Amino acid sequence: MVFTGDGKGKTTAAMGSALRAIGHGMKVLMIQFIKGTWHYGELDAARMLGGALEIRPMGRGFLKPDAEQPDPKHLEAARQAWQAARAAIESGAYDMVILDEINNAVDYGLLQIEEVLEGLRRRPPQVHVICTGRNAHPRLIEEADLVSEVRAIKHPFDKGIRAQRGIEY
Ligand code: ATP
Ligand code: MG
C-alpha cells in the first residue's frame, strides 16, 4: 500500500490502518525513515497499546533535499532503516510493517528504488507493507496493490499556524 501526495494525512492514515490491524490481534511495526528528533504523540500511544505497535524512529530529522549529493549522515541512517525494514518484513514477527516517509528517502536519493522494490517483492505474502511519503516513485506506484494520494486543499500552516500538539506531533 502506498500513501502519497502533498496533503496532510499520509502518516496518520498508516497509523489508522495500524490501529485497525491491532484490533484483530496483529502485530505492527512502523519504521520512520526521516523522523528521529521530535517527540511524537504516537510514540507514547504505542507504549499504551502494550507492544502491539512498535515504532522505531531511525531518521536524522529534517534534511535539505539534494538528490545529487545526499548528506552522508542521512544516507547512513536511511541505509540502516532499510536494513531493519527488510529484516522485519522477512522475520515473520510482524503482520504489518509501515515504512514511514520511505518515499521521501527515495526521492532525496538516500535509497535506490530498485533495492526497495526488490525487498518488497520478497516479502512473505501475508505481510502488509505500507509506504508513506510525498513523491512516491512511479515504479513503486506501478507495482503496489493500493495507492492513495492525499491532495492538499488547505492547511493551517498557510495562515501562519505552526505545528499543533496532537495534530502534527
Ligand atoms: P500526518 O503525519 O499529519 O499524517 P503527512 O504524513 O501526510 O502528515 P508529511 O508530508 O509527512 O505529512 O509532513 C509532515 C508534517 O507537515 C505534518 O505534520 C503536516 O501537518 C505538515 N504538512 C503536510 N502537508 C502540508 C501542507 N500542504 N502544508 C503545510 N504543512 C503540511
Ligand atoms: Mg508523514
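Analyst: The model is a predicted one. A cavity is a set of grid points where a 1.4 Å probe fits but cannot get out. With a cut-off of 30 Å³ or more, a search of the whole structure finds one cavity.

User: How much space lies in the largest cavity, and which residues line it?

Analyst: The largest cavity holds about 30 Å³ of space. Its lining is made up of Ile 102, Asn 103, Val 106, Ile 113, Val 116, Cys 131 and Leu 140. A lining residue must have an atom within 4 Å of a grid point, and these residues are therefore counted as lining the largest cavity. Helix 4 and helix 5 each supply at least two residues of this lining, and the largest share, three residues, comes from helix 4.

User: Why is the space around ligand 1 called a pocket?

Analyst: A pocket is an open set of points with protein on both sides within 12 Å along at least five of seven lines, whereas a probe in a cavity cannot get out. Ligand 1 sits in the largest pocket, where about 1,300 Å³ of space lies. This pocket is lined by 36 residues, and Lys 35, Tyr 40, Glu 101, Arg 134 and Glu 168 lie nearest its centre. Helix 1 supplies the largest share of the lining, four residues. By class, the lining has 14 nonpolar, twelve polar and ten charged residues.

User: How do you know that ligand 1 sits in the largest pocket?

Analyst: The test is that more than half of a molecule's atoms lie within 2 Å of the grid points. Ligand 1 is assigned to the largest pocket, so it passes that test.

User: What makes the approach of Thr 11 to ligand 1 a polar contact?

Analyst: A polar side-chain atom of Thr 11 lies 2.8 Å from an oxygen atom of ligand 1. The limit for a pair of N or O atoms is 3.5 Å, so the pair qualifies. A polar backbone atom of Lys 10 is 2.7 Å from an oxygen atom of ligand 1, and an N or O atom in the side chain of Glu 168 is 2.8 Å from one. Taken alone, ligand 1 exposes 590 Å², of which the protein buries 79%.

User: Which residues are closest to ligand 1, and how does its shell divide by class?

Analyst: Of the 13 residues that surround ligand 1, the closest are Lys 8, Gly 9, Lys 10, Thr 12 and Glu 101. The shell divides into two nonpolar, five polar and six charged residues.

Conventions. Residues are numbered from 1 along each chain as its sequence is written. Chains are lettered from A and ligands numbered from 1 in the order in which they are written. This is a predicted model: local features need pLDDT of at least 70, side-chain atom pairs count only at pLDDT 80 or more; totals for chains, interfaces and linings use all residues. Side-chain values use heavy atoms; hydrogens and water are left out. Grid points are joined across faces, edges and corners, and a volume is the space filled by probe spheres set on the points. Ala, Val, Leu, Ile, Met, Phe, Trp, Tyr, Cys and Pro count as nonpolar, Asp, Glu, Lys and Arg as charged, and the others, Gly among them, as polar. A residue is near a molecule or strand if one of its heavy atoms lies within 4 Å of it. A polar contact is a pair of N or O atoms within 3.5 Å; within protein, one must be able to donate a hydrogen and the other to accept it, and residues adjacent in sequence count only if both atoms are side-chain atoms. Accessible areas come from the Shrake-Rupley method with a 1.4 Å probe; for residues, only the protein chains shown count as cover.
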